[in-house]
Amino acid sequence: MHSKKYFIANWKMNGEPKDLGRIYKIEKFLKISKKKFNLNCIFCLPFTLLGLINKKKISVIKIGSQDISASSIDFGSFTGSVSAKMVQQLGCRYTIIGHSEIRNKGEKDKDINKKIGFASSKNLKAILCVGETLNEFKNKKSFKKVKSQIYSALKDNRKNLGSIVIAYEPIWSIGTGIIPKKVYLDNFFKKIKNFIRKDFKKNIPILYGGSVSSKNISSLKNIDCCDGFLIGGASLKAQNFIDIIKKYYI
Ligand code: PGA
């Protein structure tokens with residue numbers, strides 16, 4: 001466990017201005033803790049909160065958006081959309097791309113491919129989410145699905161590979177409390193890493209996401225080749241998030 005691990009919070013459609021205090025509390029914990037955590041800690045917030053965070057109060061924690069527009073890199077007549085340039089101007093260093101909750105609303109692989117290019121041009125690191133449905137899992141189609149999602153997202157972005165992090169999130173595990181077995185994850189992570197190394201000649205960080213909590217982190221931390229976690233529900237309470245980090249580094 002020597003490389004820098006990722007602990008990425010995805011607040012989804014949650015959080016009011018007053019809740020930003022939770023992030024300052026976590027920042028304080030990371031700063032004053034005697035243990036030196038070797039981590040990348042990123043909070044992906046709703047657009048409404050991105051401009052409200054007090055940048056003076058965070059230095060360890062970085063901020064990200066949960067999506068960017070595929071319509072234009074900067075500005076245009078796209079009602080309701082927010083561009084890579086706009087979130088970059090608000091201080092974002094990261095953006096989630098291709099979360100299953102957005103793919104579900106009709107986002108296509110080609111949009112995801114385009115968004116990764118836009119993110120890179122604005123110096124935003126892309127947190128590319130991939131994962132299979134329960135049906136695909138049951139029919140042993142998980143790897144085929146994830147491989148094709150990664151391939152179509154990355155194929156035109158070979159020059160941007162240094163600014164990509166992949167989060168493997170089995171859709172059936174998101175928000176359900178159900179976690180795949182360790183042997184399955186060990187094997188799966190190894191297969192994804194090998195595929196990327198072979199096809200893209202790069203060691204891209206791969207994270208696990210789906211029902212990560214302070215209760216299961218002690219077993220999840222042992223997944224071979226796993227570079228960190230994308231955390232939804234358990235990132236909403238400061239103490240839960242702090243407990244995850246503490247238990248990871250015990
Ligand atoms: P969860 O969400 O931790 O609440 O399962 C993870 C995600 O959707 O990124």
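1. A salt bridge is here a side-chain nitrogen of Lys or Arg within 4 Å of a carboxyl oxygen of Asp or Glu. In this predicted model, E107 and K115 form such a pair, their closest N and O atoms being 2.5 Å apart, and both residues are buried.

2. A search of the whole structure finds twelve salt bridges. Another of them joins the side chains of R103 and D109, at 3.2 Å from N to O; R103 counts as buried, with a relative accessibility of 15%, whereas D109, at 31%, is partly exposed.

3. The side chains of D224 and K190 also meet in a salt bridge, with 3.8 Å between N and O. Because D224 lies in the loop between α9 (217-220) and β8 (228-231) while K190 belongs to helix α8, the pair ties together parts that are 34 residues apart in sequence. D224 is partly exposed, with a relative accessible area of 32%, and K190 is likewise partly exposed, at 40%.

4. Salt bridges also link E16, K18, D19 and R22 in a network.

5. On the surface, K147, R158, K198 and K201 gather in a patch of positive charge. One of these residues, K198, is found in helix α8, which covers residues 182-200, and K198 is exposed because its relative accessible area, 62%, is over 50%.

6. K159 sits in the loop between α7 (142-154) and β6 (164-168) and counts as exposed, at 74% relative accessibility. Although K159 and S120 are 39 residues apart in sequence, their C-alpha atoms are 9.3 Å apart in space.

Methods: Residues numbered from 1 in each chain as written. Predicted model: local features only at pLDDT ≥ 70, side-chain atom pairs only at ≥ 80, totals over all residues. Heavy atoms only, no water. Patch = residues over 30% accessible without salt bridge, like charges linked within 9 Å, V, L, I, M, F, W, Y side chains within 5 Å. Areas by Shrake-Rupley, 256 points an atom, 1.4 Å probe, with all protein chains shown as cover. Lys, Arg positive; Asp, Glu negative; His and termini not counted. Charge placed at Lys NZ, Arg CZ, Asp CG, Glu CD. Helix = DSSP H or I, 4+ residues; strand = E, 2+ residues; numbered from the N terminus. Buried < 20%, exposed > 50% of the residue type's maximum accessible area, 1.4 Å probe, protein only.
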